[in-house]
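Please take me through this model in the viewer, one selection at a time, and tell me what is to be found at each stop.

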Amino acid sequence: MDLNSTEQMTGQEYNELRVSVGWNPLTDGQAERGIQHTTFLTAVRDSGRIVAMGRILFDFGYTAYLGDVLVRPEYQGQGIGSQVVEGLIERTMAAAQEGDRIIFILGAAKEKEAFYEKLGFRRRPNEWSGAGMSMWRTKQPSGPRD
């Protein structure tokens, strides 16, 4: 393997990773916009081919959302995902102000909770926090109005 990390990837590569782990692809435009508006991104390549990625959306106040930690199945179990997450957390903390306390939030994919627990994340609900929640919506095309 010839692994190297970068802060760049395309929406097409993002969709390739999504499909490789069994997620649905996004529209090309949606994937590209998501990558462009990410605060911190790490992409891992093996001889130029995208094999893993992770991203953080950070408000530069106290909330950082860890999203889309994706590792191609044939590369899982080799510590790549852990390195991606730890690097993203380090980059976020480097951008924080001295004394800031940052909460890292994520929505783990089903059966992936143990991976995040090894990195220090806690399951919800717990004694301080309720269950995580999510909602998907699809914007419908707008047409002429009567």
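Select the buried residues of helix α1 to begin with, namely Gly-11, Glu-13, Tyr-14, Asn-15, Leu-17 and Arg-18, bearing in mind that this is a predicted model. Showing their surroundings brings up helix α2 together with the strands β2 (40-46), β3 and β4 (63-71), against which these buried residues of α1 pack. At the end of the helix, move on to Gly-22, which follows α1 and has a positive phi, near 90 degrees.

Next, display α1 (residues 11-20) and α2 (residues 28-36) together: their axes lie 8 Å apart and cross at an angle of about 105 degrees. Because angles of 65 to 115 degrees count as roughly perpendicular, that is the description that applies to this pair of helices. To see the contact itself, select Gly-11, Tyr-14 and Asn-15 on α1, and Asp-28, Ala-31, Glu-32 and Ile-35 on α2; by class, the contact comprises three nonpolar, two polar and two charged residues.

Now turn to strand β3 (residues 49-58) and select Arg-55, which lies within it. Is this Arg-55 buried or exposed? With a relative accessible area of 13%, Arg-55 falls under the 20% cut-off and is therefore buried. Its side chain makes a polar contact of 2.6 Å with the side chain of Asp-68, and the side chain of Arg-55 also reaches the backbone oxygen of Gly-34, at 3.0 Å.

Definitions and conventions:
Residues are numbered from 1 along each chain as its sequence is written. This is a predicted model: local features need pLDDT of at least 70, side-chain atom pairs count only at pLDDT 80 or more; totals for chains, interfaces and linings use all residues. Side-chain values use heavy atoms; hydrogens and water are left out. Helices (H or I, at least four residues) and strands (E, at least two) are DSSP runs, numbered from the N terminus. Buried means under 20% relative accessible area, exposed over 50%, partly exposed in between (1.4 Å probe, protein chains only). A polar contact is a pair of N or O atoms within 3.5 Å; within protein, one must be able to donate a hydrogen and the other to accept it, and residues adjacent in sequence count only if both atoms are side-chain atoms. Axes are lines fitted to C-alpha atoms, for helices over the stretch in contact, and angles run from 0 to 180 degrees between N-to-C directions. Angles under 35 degrees count as roughly parallel, over 145 as roughly antiparallel, 65 to 115 as roughly perpendicular and the rest as oblique. Contact means heavy atoms within 4.5 Å. Ala, Val, Leu, Ile, Met, Phe, Trp, Tyr, Cys and Pro count as nonpolar, Asp, Glu, Lys and Arg as charged, and the others, Gly among them, as polar.
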